[in-house]
Amino acid sequence: MSTVPAGQGGPDVQPIKGTLLSALAPADRDHLLALGDRRRFAEHDVLLRQGDPTDHVLVLLAGWVRVYSTNVVGQEVVLAIRGPGDVLGELGALHGWTRTVSLRAMEPVRVLQLRRQQFVDCLRERPDIAIALVKQVSTRLRDTETALQEFATQDVSRRVAGHLLRIARQHGVEGPDGIELDIPLSQQEIANRVGASPRGVARAMAMLRDRGMLTTARRRIVIVRPSLLRSFAGNQPNGR
């Protein structure tokens, strides 16, 4: 991990849609990015650790991270994948909670680190940033509720389809072949997220490929027929 002064540290930030930074006006974004310190983490580094005290917030500037918790038997449960523009650790900072999840880099990442008080003061001084944060938290809550409903009522194939659709709505990139999920996502990570075995996810992905809904390569997924995938998953909002 390395640290550089705020306002430096690499190419311009390119937040993905649906994130905090993507929702901010240029003046608010510049104000936020001028705070704190820039840090770099290597692939597999832990950015935040479950159980640690809360003393700072991270804004992801580049790269992808896995959000996970560890249960009493030491098993990791993947809760989400976050990308450029997302804010991380905000609830702990606002409430003063200890960390309830861990964050691990899926690839080299850059972040903006703000002290807890810096972050709180920023929200007070810039109401539009606070509103954008509320919208981001609300979207995450909605997605969590949908995932819980799927887990209770759907088989593995439909849970996988629903998970891919949520990623597509938040982070999909339109391309000539369909909606590309621009995330280094493995079958193990999908399995951890939907509560299934990697073998079960592999069978589900094979079925979705065979039905012409998506194509896959190493850590690359393209949803070729989004409407058909939504119809198969059921109860998915038409975000695309």
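User: Which residues is Thr19 in contact with, leaving aside its neighbours within four places in sequence?

Analyst: In this predicted model, Thr19 is in contact with Pro84, Gly85, Asp86 and Gln136, once its neighbours within four places in sequence are left aside. Thr19 itself is found in the loop between β1 (2-5) and α1 (26-33).

User: Why is Thr19 called buried?

Analyst: The relative accessible area of Thr19 is 2%, and buried means under 20%, so Thr19 is classed as buried.

User: What makes the pair formed by the side chain of Thr19 and the backbone oxygen of Ile16 a polar contact?

Analyst: A polar atom of the Thr19 side chain lies 2.7 Å from the backbone oxygen of Ile16, and because the cut-off for a pair of N or O atoms is within 3.5 Å, the distance meets that criterion.

User: How do you know that β5 and β6 pair?

Analyst: Pairing requires at least two bridges, and strand β5 (residues 65-70) and β6 have six bridges in the antiparallel sense, so the two strands count as paired. One of the bridges joins Ser69 to Val77 in β6.

User: What makes β3 and β6 the edge strands?

Analyst: The four strands form an open antiparallel sheet in the order β3-β8-β5-β6, and β3 (46-48) and β6 (76-82) each pair on one side only. Neighbouring strands of this sheet are turned by 35 degrees against each other on average, direction ignored.

User: Which helix packs on the sheet, and which strands does that helix touch?

Analyst: Helix α6 (residues 187-194) packs there, touching β5 and β6, and its direction makes about 105 degrees with that of β6.

Key:
Residues are numbered from 1 along each chain as its sequence is written. This is a predicted model: local features need pLDDT of at least 70, side-chain atom pairs count only at pLDDT 80 or more; totals for chains, interfaces and linings use all residues. Side-chain values use heavy atoms; hydrogens and water are left out. Buried means under 20% relative accessible area, exposed over 50%, partly exposed in between (1.4 Å probe, protein chains only). A polar contact is a pair of N or O atoms within 3.5 Å; within protein, one must be able to donate a hydrogen and the other to accept it, and residues adjacent in sequence count only if both atoms are side-chain atoms. Contact means heavy atoms within 4.5 Å. Axes are lines fitted to C-alpha atoms, for helices over the stretch in contact, and angles run from 0 to 180 degrees between N-to-C directions.
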